[in-house]
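Please look over the structure below before reading on. The briefing that follows takes the chains in turn, then the places where their parts meet.

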Amino acid sequence: MISFILIILMSLIFTGIVIRTKSITSGRKGPGIFQPLKDLARLFKKGSVYSQTTSFIFQLAPSVYLASILMAVLVIPLGQYKGILSFEGDFVFFAYVLGAGKFFSILSAMDTGSSFEGMGASREALFSMFAEPAFFLLMGSFALLTGYTSFQQIFHSLHFGSSVSYVLMVLATYVLVMIALIENSRMPIDDPKTHLELTMVHEVMVLDNSGFDLGMILYGTPLKLAMYGGLIANLFMGDFPLVLTIPIFLGLQIAFAVTVGIIESFMARFRMNHNAQYILTLSSVSLLILLGVLLILGQFN
Amino acid sequence: MNFISVRNHQTIPLSGIPMLDYDSFLELNVFNLIREKGAHCVNYFGFRLDGLIRLVCCIANDESHSIQVSSSAVPRMALPSFSKHNLVFEKFEREIHENFGIAYTDHPWLKPVRFPFNRFDPGSRIADYPFFKVDSEELHEVGVGPIHAGIIEPGHFRFICNGEQIVHLEIQLGYQHRGVESLFLEKNKLLQRCTLAENIAGDSVVGHSLAFAHLWESLCKHQTGDHLKMARTIALELERIAIHTGDLSAMCTDVAYQLGSAVFGRLRTPVINFFQKWCGNRLAKGLIRPGKSHFPFTRDLAIGLMDFLDEYENDFEDISKELFSLPSALARFEKTGVLTTGQALAIGTVGLSARMSGVSRDIRASHPHDAYEALDHQPVLKTHGDVYARARLRKKEINQSINHIRHLIKILAAPEVYDQNPLKPAPDSFCVSLVEGWRGEICHCAITDGKGELIHYKIKDPSFHNWLGLALAVRNNEISDFPIANKSFDLSYCGHDL
């Protein structure tokens, strides 16, 4: 329960922190931290306009998309404290409930019949497909290491025993940060700020959405980022009590948001055809984690 | 001699242009003049005279620093085309076809150019543009525009793609057509014409108004003083700095490099603010007037500009170093949107888009105007023809412009008193005026009647040739690289559509 509340709270200011970081690094005054929230509030007050070529799927998809993310947030624990839902194999549930949401957003993009949105949908599907093995290799390795298959139990029993496990933490953090950026279509995979429909990935899929629907889709981004931030924070909590976990959680979330802001300030995005290659390297990093786990378990003796 | 050789903005009597029959006109231009080293077509247009269509072809020769003008008069009939033999005439002939209904028998791509108000066939509509089509199961079409997501002007881009790869791009323009050329004839006050010239393309105000001013002064046999020439050169180079800096910023935006986008953007503002200080308009509107200047380039302005340039250069060098050593940005710039030297020569690109492919075309060096003779301008060349070459070229040209301005301020002549007598153009005359704007060669041609009134005014913006260069450069690139390729060319829609 506590993790759900923290993630929701964090999601309210996450993009605000990213935008603030970007405006500071570029020497601009920039909007306040709550500006994205105000924009969302404005969208939620509006009605939606639907194109005549779209069907009910297009109207359904934004709700399904947001709901899928909320469902995924339910299973995120906070160190030793369970999420609202916790069961054996919940990390598989986590990955595929997000997948279901993405599936609907792809369907709705195809539903509009626009040539751009089809392109965006195909890119999004391709990139998440490549990111999936990395996530499962990572969580699978941890499951192997700890002998558990639910988030809470895995994170609870992860401990910093040997020097190898420190390396594993660093690698795992890297993989999770990158997966978070890919799944949220952030830099360097996609540029959320671009106005160029031909280079967009996620943005182009929601070109036809407006008002309340658009609000739901846009809120999905900070929610997902905060959710992955929560997942990363869990790597560092072990069985600490609440007094420690909450500051760790908040600190890591803010550090994550600032990192996203800095990446988006100081580098250019990748060329589209380099993306697939780049995402696949995450899987090889995950393979390293698997190797490390096997080392710790003494499989090579 | 069946052609006449003129210098840049030299007025000649209209009767001085030799009239040829169409076959020898074609042979002269296609097989002789354009094949010479350093020759390129700066303008080829038609106008109605005595019931016939008078065709005038101006081929500039960079080696001999002259422009070879020849002409022919034809009735409306089917003719063999120049383009069959040399593609540089392609767009000019399409324009003649569209305006006068001359049906070329062997033109490879006889399509409408811009749907002008006074087109020959008023029944042709912009909505029915005959796009190139491919019937295929694998290929798909993506249409972009005419209304775009950004702040750019309207224009339609039709891509034929194989997945993410562009197989063919067709660019259809004409949405910005305002009838500038016919307005030049209708509006007979000089001020109105100056204002028109300034508004041909909002980003080349100095370039176009300078081309008009040269032309008008030449037609009126007016001698321009040294101070005015230098001040105009400074304005032209300042415009180049401003737009090149803005383009570098926009290119950073397109590859999502925020730091570059912010810093180059910040650097551009004080440059255009200097124009504000100089003439009360950030785009330099009102600065260039034939025969005079309402805003003299004073000592105070010169000192202010020197100080500003020092400041600018410092920051500019810093951020350029950052940009050109950033691997992620270089990965986007290099080998993207390549226009080979062969392609550039075949379609006759001009200006920046030619120099980035190793084609040395620069009016400042080949047909110098204003103070360029004194400057001994050497064009900067790049050879790869990709986005990186265009970015580097901009950077180098900015450095070069800064040096030119510094040098000019050092040797700045004393201001002269302008002759306040109204200018009166010579009757029955022809003049062609070339100016190297920041984008490339701007060409204005004027023809006067027996009373010294304009009977034809022809404008050619560098974008006219260069759009085809963009279409060729993006072939086999990824469609997601199109925006950065497009921005790196930064061509004008309204300059093309007139």
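Helices (at least four residues) and strands (at least two) are taken here as DSSP runs, numbered from the N terminus. On that basis, the secondary structure of chain B comes to 17 helices and twelve strands, whereas chain A has eleven helices and zero strands. The model is a predicted one, and every value below is computed from it.

**Chain A overall**

- Read along the sequence, chain A runs through the pattern α-α-α-α-α-α-α-α-α-α-α, and its C-alpha trace spans about 65 × 40 × 35 Å along the principal axes.
- Buried residues account for 48% of the 301 residues in chain A.
- When contacts in chain A between residues at least 6 apart in sequence are considered, 78% of them join residues at least 24 apart.

**Chain B overall**

- The radius of gyration of chain B is 22 Å, close to the 23 Å that the globule rule gives for 498 residues, so chain B is as compact as a globular protein of that length.
- Taken along the principal axes, the C-alpha atoms of chain B fill a box of roughly 70 × 60 × 40 Å.
- In chain B, 53% of the 498 residues are buried, and among contacts between residues at least 6 apart in sequence, 67% join residues at least 24 apart.

**The two domains of chain B**

- The domain assignment of chain B gives domain 1 (4-113) and domain 2 (180-497), and the centres of these domains, taken over C-alpha atoms, are separated by 26 Å.
- The contact between the domains takes 25 residues from domain 1 of chain B and 28 residues from domain 2 of chain B.
- On the side of domain 1 of chain B that touches domain 2 of chain B, the elements giving two or more residues are β2 (11-13), β4, β5 and β6 of chain B, and the largest share, six residues, comes from β4(B).
- By class, the residues of that side of domain 1 of chain B divide into 15 nonpolar, eight polar and two charged.

- Seven of the ten residues of strand β5 (residues 52-61) of chain B are buried, so β5(B) is largely enclosed by the rest of the structure.
- Strand β4 (residues 39-49) of chain B pairs with β5(B) in the antiparallel sense over ten bridges, and B:F45 stands opposite B:V56 in β5(B).
- The hairpin of β4(B) and β5(B) has two residues between the strands, and in this hairpin B:D50 takes a positive phi near 50°.
- Strand β6 (residues 66-74) of chain B is joined to β5(B) by nine bridges, and these two strands run antiparallel; in β6(B), B:S70 is the bridge partner of B:C57.
- β5(B) and β6(B) also form a hairpin, with four residues between them, in whose turn B:H65 has a positive phi of about 55°.

**Where chain A meets chain B**

- In the contact between the chains, 28 residues of chain A are in contact with 26 residues of chain B.
- Four helices of chain A, namely α1 (2-25), α5 (115-146), α10 (242-266) and α11 (272-296), each supply at least two residues of the side of chain A that touches chain B.
- That side of chain A has ten nonpolar, ten polar and eight charged residues.

**The largest nonpolar core**

- Of the 225 residues in the largest nonpolar core, A:I179, A:M227 and B:C58 touch the most other members.
- Helix α6 (residues 226-254) of chain B gives the largest share of this core, 14 residues, and the core draws at least three residues from each of domain 1 (4-113) and domain 2 (180-497) of chain B.
- Leaving aside its neighbours within four places in sequence, A:M227 is in contact with A:I7, A:I69, A:A72, A:V73 and A:I76.

**A glycine in chain A**

- A:G220 lies in helix α9 (residues 211-234) of chain A, and it counts as buried because it has 24 C-beta neighbours inside 10 Å.
- Leaving aside its neighbours within four places in sequence, A:G220 is in contact with A:Y65, A:L66 and A:I69.
- The C-alpha atoms of A:G220 and A:A109, which are 111 residues apart along the chain, are separated by 16 Å.

Key: Residues are numbered from 1 along each chain as its sequence is written. Chains are lettered from A and ligands numbered from 1 in the order in which they are written. This is a predicted model: local features need pLDDT of at least 70, side-chain atom pairs count only at pLDDT 80 or more; totals for chains, interfaces and linings use all residues. A residue is buried if 20 or more other C-beta atoms lie within 10 Å of its own, exposed if 12 or fewer, and partly exposed in between; C-beta atoms are placed from the backbone. Two residues are in contact if their C-beta atoms, placed from the backbone, lie within 7 Å. Ala, Val, Leu, Ile, Met, Phe, Trp, Tyr, Cys and Pro count as nonpolar, Asp, Glu, Lys and Arg as charged, and the others, Gly among them, as polar. Two strands pair if DSSP finds at least two bridges between them. A nonpolar core is a set of buried Ala, Val, Leu, Ile, Met, Phe, Trp, Tyr and Cys residues joined through C-beta atoms within 7 Å. Domain bounds come from an automatic or database domain assignment. The radius of gyration is taken over C-alpha atoms; the globule rule is 2.2 Å times the number of residues to the power 0.38.
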